Structures are given as structure tokens and as C-alpha cells.
Amino acid sequence: MFDIVIRGGRAVTPQGVGDYDVAITGETIAAVAAPNAIPDDAAKRIIDASGMIVMPGGIDPHVHCAWHMPLPDGSAMTSAPPEVVSRAALWGGTTTLIDFAARMEPMPLKDVIQKRDLDWAGKCYCDYAYHLMLLGDIPPEVFEELPDRIADGYPTVKIFTTNITPNRAGRMVHFGDLWELFKTLTRAGGLGVIHAEDNDIVMHMYEKLIREGRVSFHNLAEVHNALSEDLSFRRVLRLAEAEKTALYMMHVSAATGVQAIREARAKGQAVYGETLHQYLLYTAEDYKRPNGQMFHTYPSLKSQQDQDGLWAGTRDGAISCVATDEVCCSLNIKTIGDRIDDTTGGNSGVEPRVGVLYDEMVTRRGYSLEAFVDQVSSNAARIMGLYPRKGAIAAGSDADICILDPSVRGEVRNENLHESDYTPWEGHPITGWPKLTMLRGKVMVEDGAFLGDLEDGRYLKRGIPESIRSGPSI
């Protein structure tokens, strides 16, 4: 006896899209069967998905919950907690989030993880994981401890090659430490997760624009520019090539970054690109719109040519995932900064990501359902060491499922979302939207009702497969 059978939908499976019934027992998918092969009396519940798309739950590999946010007056606050963001994620068909455990002060990485658990454990509706984050100068004891943490299930390590803004000194990891980190990651089977911009170029442009009095946030694309991305990507990729280190390049924003990844992959390097849906939908011209700060994250929005390059990367493999860089806050906080050196990064974007990208990819640009699902779910699972437990409609996989209704029509309206008091995607056309979200066999959202509990979310320990680390396998 199955607990649930999802019947009548077009299921996106690792073998392709087909008219399959999906049977669930407990927390996992028990069978993917031909239509009506499972009789009604073999299941406790039948979910009719006729005319709908049955896909694996979305995976957002780049979010910042309960995150330190500096404000223009020198004070600080934290972004919305996992409880808020995970609830919105499930409303939008996303079932797994990957955040960061940052070493903000001298302490062992084990303690960093335990401290971050205080923000997340028992406070998240969906499943989740952390990237470790190293900031500034990395002491020898961190390199000594890191292999144990990778073996414990924390295999991804985030670093910055820039301080991002002049008032965030101590964030950038210097190149010598990056070299040592890459050696350690290669030996221990980890994955480097990189925010790559050339710090000299970025800080030079801050100084230049401030000196010239051009300090409005409208000029952010001049500071965090495509040349900076090109220089930093190529330097980091060359070091990774020398040490045979696998990399995940976060929030690629420029065509130069896409090209650098493309060339590295052509040489056989294990490198994977991530972009964000605001880069795919908006350019620096959108800074000129009312409350234009709402479209910004770091690095900045760039040109139409850069956006075109990002879309090309999603088609040829240079871009593997579309994430959010989620920093959920109010519109007032998002727009309180209006200078090149104090504008708030991140966005409230985890809920509309799947629906908006379905419209942009499948409806507008003719992407296959498989390619769409790869970008919003399956590729992140593969790269981050979660596949096929996550990101797959297959026997033995967790029953994390989004049922998307392609007949829904309308526009994104913040009043219908569950995340913040604004959305950068206000008015974006809807040509399909999640109708039901399931986490490990439990229906969390159905027909406009939220059914989840905070104890539903679990931490996911991970290991990066050798196939991902040895070459560009997706």
C-alpha cells in the first residue's frame, strides 16, 4: 500500500519527460510507473495532476537567512530568519535551501557550524545545508581542521576575492591563502564556492567615482564591472587548474565571466557557473526605475550584452544553476542606501524563482522542461552532493515534489506572496505556478494552504561526487 500516488501529470524524470504516475511511501518515491498502472485501491491518497507538470522540488544553492546587514548609519540588522524564507520557498515550489556558516571571528570551524545551527535547527520548514565561509586571513589551524569538516558532510567552502565595498575590510581572502585553500580542497574532496571580483579594480572605481562626486547607486555597474569579473575569474580559474580544484562560481553577472567558465570547461576543468534570476531579467538600466535599488545585488547588474551572455551560458553549460542570493528584508531597508558604497545587496526572491523562470525559460524562450528543471533544481543537487536524494523524480529519491500548473495566468503581485513587503518581480507575467509542494512525502502547500511545521526541515550533510570534482560532468 502506497501512501500517495500522483496521477496524470507530465513528470520530469532523469530519463526524460513522460506521462508517469509517481508512487510515494513514507518519505521517498517508491515507484515511477506507467499511467494507471497502479490501481486506486493501492494508495491511501490519489493526487490528480492531470494537465500539470510534476517536477522535483526546487533547490536554491545561495541564500542568506538571519544574515548580518550593515546599514548606512553604521548600525546593522539581520535579514529575515529561516522560518520566513523557508516558508516562502515552499510556497514557491522550492524544498531545499543552502545558506552559509561564516567564520566571522577566530574560532574552530566546528564551533562556527554549531553557532549557525542556533539560527536554523528547528526553525526551518524545508530541508537545508550550509556552505562554510572563510573571510580575510586564514590561519593555519583552519586549513588543518578543514578536511575533518569536509569529511563530516560540509564539503563546500565560500570565499571572496574582494571586500565588495570600502567599509567591509577583512572580507577578501588573499591569493596565497586561496592557493592553500585550493590545495586542501583538492586533497579532501571539497568544492570551492567563489565570489570573484578584482579587488584592485573595484576599490579603484570606488575611489574614482567618489572623487568625481558620482556616488549615486545608479553608477554601481561602473564599480562592479565586467572587466573586474573577467580578471578575477581568470586568475582564480588558473589557480584552480594548477591545483586540480573543483569550483562553483557564484552569481556570475557578466558575459566575460561566462566566457571564462566556458573556456575552462573546454579544457576539462571541473568548474560550474551560477547566475541569479535578477541578472537574467534586469540590467543596469533598471537602476533608473523607482526604487531601483530593489533590483541590485553584488556584483552589480550590468548591460544587455552581459545579460545575453548569461542566457547563452544557460544553454551551452557554462551556467548550471539559477539561484537567488536571497537576503529577505523590507523595502525600506532594501532602499535605505542610495550610494555606490551603501546600497543593500540581495533580494527577496526565493518564492517567485520557480514560477518566474518557468515563464522566462519554457514559455518565452522554448527551453525544454528538462533544461528548466536542471537550472532550478537538479544541477544544484548534482553539484552540491545531494543527487539523487534530491533533484530527481526517481525510485529511492526523497519525495520532494513541486506540481506546477501551466494553465495559471496572471502577474506576480506581492500581495499574493509570503516573503516581504515588496518583490522585484512585481507585474512579471505568470504562465504557470506551483500548485502543490511536497517535502519528503508530506504535502506542505496545497491549493492556497500552508500545511508545514517547523520541525519538518532537516539538515543535509553532503559529499561532492568524484565525477563532479574530476571534470565538467554536467
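Student: How many residues lie between β4 and β5 in the hairpin that they form, and which residue in the turn has a positive phi?

Tutor: This is a predicted model, in which local features need pLDDT of at least 70 and side-chain atom pairs count only at pLDDT 80 or more, while totals for chains, interfaces and linings use all residues. Residues are numbered from 1 along each chain as its sequence is written, and side-chain values use heavy atoms, with hydrogens and water left out.

The hairpin of β4 and β5 has two residues between its strands, and Gly26 in the turn has a positive phi of about 60°. Helices (H or I, at least four residues) and strands (E, at least two) are DSSP runs, numbered from the N terminus, and two strands pair if DSSP finds at least two bridges between them. Here β4 is joined to strand β5 (residues 28–33) by five bridges, and the two run antiparallel; Ile24 stands opposite Ile29 in β5.

Buried means under 20% relative accessible area, exposed over 50%, and partly exposed in between, with a 1.4 Å probe and protein chains only. By that criterion Arg7 is buried at 11% relative accessibility, and Asp21 is buried at 1%.

Across the whole structure, the search finds 37 salt bridges. One of them joins the side chains of Lys390 and Asp400, again 2.7 Å from N to O; both residues lie in the loop between α13 (369–383) and β18 (401–405), so the pair ties together parts that are ten residues apart in sequence. Lys390 and Asp400 are both buried. Another joins Lys442 to Asp456, with the closest N and O atoms 3.0 Å apart, and it links strand β22 (residues 442–446), which holds Lys442, to the loop between β23 (449–450) and α14 (466–470), which holds Asp456, 14 residues away. Lys442 is partly exposed at 27%, whereas Asp456 is buried at 14%. Through shared partners, salt bridges join Glu27, Asp127, Arg389, Lys390, Asp398, Asp400, Arg440 and Arg458 into one network.

An open sheet of eight strands has the order β8-β11-β12-β13-β14-β15-β16-β17, with parallel pairing. Its edges are β8 (58–60) and β17 (321–323), each with a single partner strand, so one side of each is left without a neighbour in the sheet. Within this sheet, strand β12 (residues 127–134) and strand β13 (residues 156–160) pair over two bridges in the parallel sense, and Leu132 has Val157 in β13 as its bridge partner.

Finally, the structure holds zero disulfides, a disulfide being a pair of cysteine sulfur atoms within 2.5 Å. The sulfur of Cys328 is 6.9 Å from the closest cysteine sulfur, that of Cys329, which is too far for a bond, and Cys328 is buried at 3% relative accessibility.

Note on methods:
Salt bridge = Lys/Arg side-chain N within 4 Å of Asp/Glu carboxyl O.
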